[in-house]
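Subject: Two-chain model, handover and findings

Hi,

Here is the model for your files. My notes follow below it.

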Amino acid sequence: MSAQVPIAYYLVLGAILFSIGIAAFLIKRNIITIFISIELMLNAVNLTFVAFSHMWHQVSGQIFVFFVMVVAAAEAAVGLAIIIAIFRARQTLNVDQINLMKL
Amino acid sequence: MQLALFLIFGVLAVAGAINLLLQRHPINSALSLVVVMMSLAVLYWSLGAEFLAAAQVIVYSGAIMVLFVFVIMLLNAGEEEHTTGSRIAYVAGFPGAAAIFCLLSFVFLSERKAMGGTDLGGYLSHSANNIAEISRLLFRDLLLPFEVTSILILVAILGAVVLARKEQ
């Protein structure tokens, strides 16, 4: 039994996850959940990279994913520090109440 | 085998993502994202990227999500309340996301024949295994970008410490 899965199905799965990430980014009001949906979008793009890497039989796409992971880790550290700073200044996590650049 | 893995873990990933969208409490969203990342790790493995599957589990669902859960618990984040701004986001958000999804899947499915299929294992044409190939590329050809990312991590750590520090 060797049922092949078309590469396009992996790409469509990545598109589904990316669209759900966009919807969550726009709909959610909690700043931490918005940040989580950014991570979801990054993961969806990573899946697309790996699928294309499989398609071309090269590891360059996987190197891309490695660097995306590194940058996502750095981004998560800095972003969560910013969220902590905002919470200290405003005592809220609702983005509707965080509407001024000045803390 | 490939089809079964794809179906089970693809459905699991989509279910986790929809649960992320529907849950009101941030900790539930974070734990649904862990489910999505774990199923994506299995999909990476089935696509022949063993190193990335391990890195996904360790870095993403291990390190990054623990950081998220720490911050959620530190800030004692409760359920989000809905305001007038979010109703506009509902009206604009769902059609926009659906339009992007339709466009992407139309392009992918119309090119389906040209992109071919996948089968489990043995996918690199010329190398012994995935990790050897990645490390050869990463530590020999791409050594400078690799070192630059270590500087990036260092800067990010310093920035996080400075930003989260309590002001005197």
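Ile72(B) sits in helix H3 (residues 50-75) of chain B. Helices here are DSSP runs of H or I with at least four residues, strands are E runs of at least two, and both are numbered from the N terminus. This is a predicted model: local features need pLDDT of at least 70, side-chain atom pairs count only at pLDDT 80 or more, and totals for chains, interfaces and linings use all residues. Residues are numbered from 1 along each chain as its sequence is written, with chains lettered from A and ligands numbered from 1 in the order in which they are written.

Is Ile72(B) buried or exposed? Ile72(B) is buried, because 22 other C-beta atoms lie within 10 Å (20 or more is buried, 12 or fewer exposed, in between partly exposed; C-beta atoms are placed from the backbone). Ile27(B) is 45 residues away in sequence but 6.7 Å away in space, C-alpha to C-alpha. Leaving aside neighbours within four places in sequence, Ile72(B) is in contact with Ile32(A), Pro26(B), Ile27(B), Ala30(B) and Ala77(B). Contact means C-beta atoms within 7 Å.

Ile32(A) is worth a look too. On the same terms, leaving aside neighbours within four places, its contacts include Ile83(A), Leu93(A), Pro26(B) and Val71(B).

Next, the core. The largest nonpolar core has 76 residues (a core is a set of buried Ala, Val, Leu, Ile, Met, Phe, Trp, Tyr and Cys residues joined through C-beta atoms within 7 Å). Ile32(A) is among the residues that touch the most other members, as are Leu17(A) and Tyr44(B).

Now the interface. 62 residues of chain A are in contact with 80 of chain B. H3(A) gives the largest share of chain A's side, 20 residues. That side divides into 47 nonpolar, eleven polar and four charged residues. Ala, Val, Leu, Ile, Met, Phe, Trp, Tyr, Cys and Pro count as nonpolar, Asp, Glu, Lys and Arg as charged, and the others, Gly among them, as polar.

S1(A) and strand S1 (residues 117-118) of chain B pair in the antiparallel sense over two bridges; pairing needs at least two DSSP bridges. Val5(A) stands opposite Thr118(B).

Last, within chain A, H2(A) and H3(A) pack at about 175°, axes 9 Å apart. Axes are lines fitted to C-alpha atoms, for helices over the stretch in contact, and angles run from 0 to 180 degrees between N-to-C directions. The angle therefore makes H2(A) roughly antiparallel to H3(A) (over 145 degrees; under 35 is roughly parallel, 65 to 115 roughly perpendicular, the rest oblique).

Best wishes

Technical notes:
Two residues are in contact if their C-beta atoms, placed from the backbone, lie within 7 Å.
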